[in-house]
Amino acid sequence: MGSILGAAYASGAPLARIIATCRTLRLRDIATWRVSRLGFASNHRLGDLIERVFEARQFEELHIPMAVVATDLNSGEPVVMTHGNLIDAIRASCAFPGLFEPVEMGTRCLADGGLVAPVPTRAARDLGAAYVLAVSVGMQDGYVGTPSNIFQVVSRAVTAAQKHQSEVWERDADLALRPDVQSLAWDDFERADEAIEAGAAAARSALPRIQKWLARAESMREFEPREQMQLRLAGAGAVR
């Protein structure tokens with residue numbers, strides 16, 4: 001779901017509208033149940049949500065540069081999308097295996113990007129970010145004990161795999177936030193306020209570090225154009 005929220009914000013949609021949408025969103029707003037060989041539901045309805053909430057339909061229309069990551073089920077490699085149709089990219093990034101059918105884009109069969117990039121910090125670096133603040137919420141089903149249905153089996157299997165990828169994405173993060181959402185299941189849409197507060201609490205705890213970043217960014221803007229260009233080139237070299 002991270003690509004939905006990230007793209008909504010990057011599109012310029014007012015924060016109040018995004019929060020209001022989160023509070024009323026339900027699974028039926030993004031899923032159409034149907035039995036197929038590839039999944040139990042289609043997420044075509046995500047397109048309607050994006051049309052209603054977002055201020056952009058193409059990557060090129062975003063106010064803030066953004067990358068959306070999906071998993072290529074043919075190669076097993078991440079697919080990083082930064083241009084073209086935003087709706088299809090988000091649908092692919094949110095196509096959780098077993099639940100949603102994969103999304104076909106060209107010759108690729110794409111599924112949830114969390115399979116290969118639980119937190120897409122590398123993609124953020126490649127966009128040119130000087131500082132990367134990662135937010136990891138994991139994937140919970142809200143229950144303890146033995147799984148009781150196929151969705152819990154799949155989600156816990158993915159979570160187990162993601163736990164062993166933390167060193168990979170943390171390598172490209174300057175700071176990682178982990179909101180306390182362990183009691184929330186992925187489909188607890190009616191508990192949006194709890195998720196929002198957990199995120200706010202995690203951000204407040206990291207505020208001193210974040211403020212230092214903002215102060216440094218402000219100081220960069222005070223450089224003369226030539227000095228600023230040199231500083232950015234030095235930063236780009238470090239990223240490479």
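Guide: The account below begins with the nonpolar core and then turns to the sheet, the surface and the salt bridges. The model is a predicted one.

The largest nonpolar core comprises 38 residues. Within this core, the residues with the most contacts are Ile30, Phe54, Met81, Ile90 and Phe100. Both helices and strands supply it: the elements that give two or more residues are the helices α1 (2-10), α3 (46-53) and α4 (86-93), together with the strands β3 (68-72), β4 (78-81) and β5 (98-100). Of these, α4 gives the most, with five residues. Apart from this core there lies another, of six residues, which include Leu177, Ala202, Ala206 and Trp213.

When its neighbours within four places in sequence are left aside, Phe100 is in contact with Leu27, Ile30, Ala31, Leu38, Gly39, Ala41, Ser42, Asn43, Cys94 and Ala95. One of these partners, Ile30, is also listed with Phe100 among the residues that have the most contacts inside the core.

Ser93 has a relative accessible area of 11%, and because the limit for a buried residue is under 20%, Ser93 counts as buried. Leaving out residues up to four places away in sequence, Ser93 touches Ser3, Val68, Val69, Ala70, Ala111, Asp112 and Gly113. Three of the residues in that list, Val68, Val69 and Ala70, fall in the span of β3 (68-72).

Three strands form an open sheet in the order β1-β2-β5, and the pairing is mixed. At the edges stand β1 (32-33) and β5, each of which pairs on one side only. In general, the strands of a sheet pair through backbone hydrogen bonds, in a parallel or an antiparallel sense. Between β1 and β2 the sense is antiparallel, over two bridges. Thr32 stands opposite Ser42 in β2, and Ser42 is also one of the contacts of Phe100.

Strand β2 spans residues 39-42 and includes Phe40. Phe40 is partly exposed, with a relative accessibility of 34%. Together with Trp33, Val35 and Ile150, Phe40 makes a nonpolar surface patch of about 450 Å².

Ser75 lies in the loop between β3 and β4. At 45% relative accessibility, Ser75 is partly exposed. Although Ser75 and Cys109 are 34 residues apart along the chain, their C-alpha atoms are separated by 9.5 Å.

The side chains of Arg108 and Asp72 meet at 3.7 Å, N to O. Arg108 belongs to strand β7 (residues 108-112) and Asp72 to strand β3, so that the pair links distant parts of the chain, 36 residues apart. Asp72 is buried, at 8% relative accessibility, while Arg108 is partly exposed, at 39%.

The structure holds 13 salt bridges. One of them joins Arg23 to Asp193, with the closest N and O atoms 2.6 Å apart. This pair also links distant parts of the chain: Arg23 is in helix α2 (residues 15-24) and Asp193 in helix α8 (residues 192-205), 170 residues apart. Arg23 is partly exposed, with a relative accessible area of 45%, and Asp193 is partly exposed as well, at 43%. Elsewhere, Arg122, Asp126 and Asp172 are linked in a network of salt bridges.

Notes. Residues are numbered from 1 along each chain as its sequence is written. This is a predicted model: local features need pLDDT of at least 70, side-chain atom pairs count only at pLDDT 80 or more; totals for chains, interfaces and linings use all residues. Side-chain values use heavy atoms; hydrogens and water are left out. A nonpolar core is a set of buried Ala, Val, Leu, Ile, Met, Phe, Trp, Tyr and Cys residues joined through side-chain atoms within 4.5 Å. Buried means under 20% relative accessible area, exposed over 50%, partly exposed in between (1.4 Å probe, protein chains only). Helices (H or I, at least four residues) and strands (E, at least two) are DSSP runs, numbered from the N terminus. Contact means heavy atoms within 4.5 Å. Patches are made of residues with over 30% relative accessible area and no salt bridge: like charges are joined within 9 Å, nonpolar side chains (Val, Leu, Ile, Met, Phe, Trp, Tyr) within 5 Å. Accessible areas come from the Shrake-Rupley method with a 1.4 Å probe; for residues, only the protein chains shown count as cover. A salt bridge is a side-chain nitrogen of Lys or Arg within 4 Å of a carboxyl oxygen of Asp or Glu. Two strands pair if DSSP finds at least two bridges between them.
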